[in-house]
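Subject: Structure handover

Hello,

Here is the structure for you to look over.

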Amino acid sequence: MINKNIVIQWQQANMPENSLAYQDLEEMQELALHNAESEQEAVKLVMLAIRSAAKNGATSTLSVQRRLEKWINAGATTAAKVGDYEKQSQQLQQPRSRFGQPLRNESAIEKFTPEQIAEQSKRLAKEDGFDDPEEWAKATMAKFRELRATRAERMADKSNRGLTSSGKRVVTRF
């Protein structure tokens, strides 16, 4: 006979209700009764398995049964031991170190405010000798355009002077 709390938990989890499902639930309750420390703990184990399966989106008795069997095989015969087992398995899934060094969790990407961007533009403009950040931006863009236009000439000159495109000296002795 299935415990009424298990049936209520099954219905709350929106699991399918049919004779085969109830037969499977009865078998799971018997399995838990044989392995748990008490009848009350057995009912708790089955209810926890139903909750856990429903939380992860399962819709069958098979997933509930697998969870229950996993816990019993791990030696978790009470609800408290199941909690400890799940906590430990979560910790094992998250690597604490890589190559002997502790992991540093990355912080979230900072999004700069318009005020911070304006402040940085002013600072960079002053470093380059401009009073107005807009003048500095125009002059910088003009310089970039000039460099882009003369790139081919500069790259050709470097080979004549014995330099590679990155500015390194070409070995001329053979």
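Below is what turned up, from the overall fold down to single side-chain pairs.

Please keep in mind that this is a predicted model.

Overall picture

The protein chain holds 8 helices and 2 strands. Read from the N terminus, the order is α-α-α-α-α-β-β-α-α-α. The chain has 174 residues, and 24% of them are buried. Its accessible surface is about 13,700 Å². Carbon and sulfur atoms supply 50% of that surface. On contacts, take those with a separation of 6 or more: 46% of them join residues 24 or more positions apart.

Salt bridges

The whole structure contains 4 salt bridges.

Lysine 81 and glutamate 37

The side chains of lysine 81 and glutamate 37 form a salt bridge, with 3.4 Å from N to O. This pair ties together distant parts of the chain, 44 residues apart. Lysine 81 belongs to helix α5, residues 79-93. Glutamate 37 sits in the loop between α2 (19-35) and α3 (39-55). Lysine 81 has a relative accessible area of 39%, so it counts as partly exposed. Glutamate 37 reaches 55% and therefore counts as exposed, since the cut-off for exposed is over 50%.

Lysine 44 and glutamate 41

Here the N to O distance is 3.7 Å, again between side chains in a salt bridge: lysine 44 with glutamate 41. Both residues lie in helix α3. They are 3 residues apart, about one turn of the helix. Glutamate 41 has 15% relative accessibility and counts as buried, because buried means under 20%.

Glutamate 127 and arginine 123

Helix α6, residues 114-127, contains both glutamate 127 and arginine 123. The two are 4 residues apart, about one turn of the helix. Their side chains meet in a salt bridge at 3.4 Å, N to O. Glutamate 127 is exposed, with 55% relative accessibility. Arginine 123 is partly exposed, with 44%.

In short

The lysine 81 and glutamate 37 bridge links a helix to a loop.

Best regards

Notes
Residues numbered from 1 in each chain as written. Predicted model: local features only at pLDDT ≥ 70, side-chain atom pairs only at ≥ 80, totals over all residues. Heavy atoms only, no water. Buried < 20%, exposed > 50% of the residue type's maximum accessible area, 1.4 Å probe, protein only. Contact = heavy atoms within 4.5 Å. Areas by Shrake-Rupley, 256 points an atom, 1.4 Å probe, with all protein chains shown as cover.
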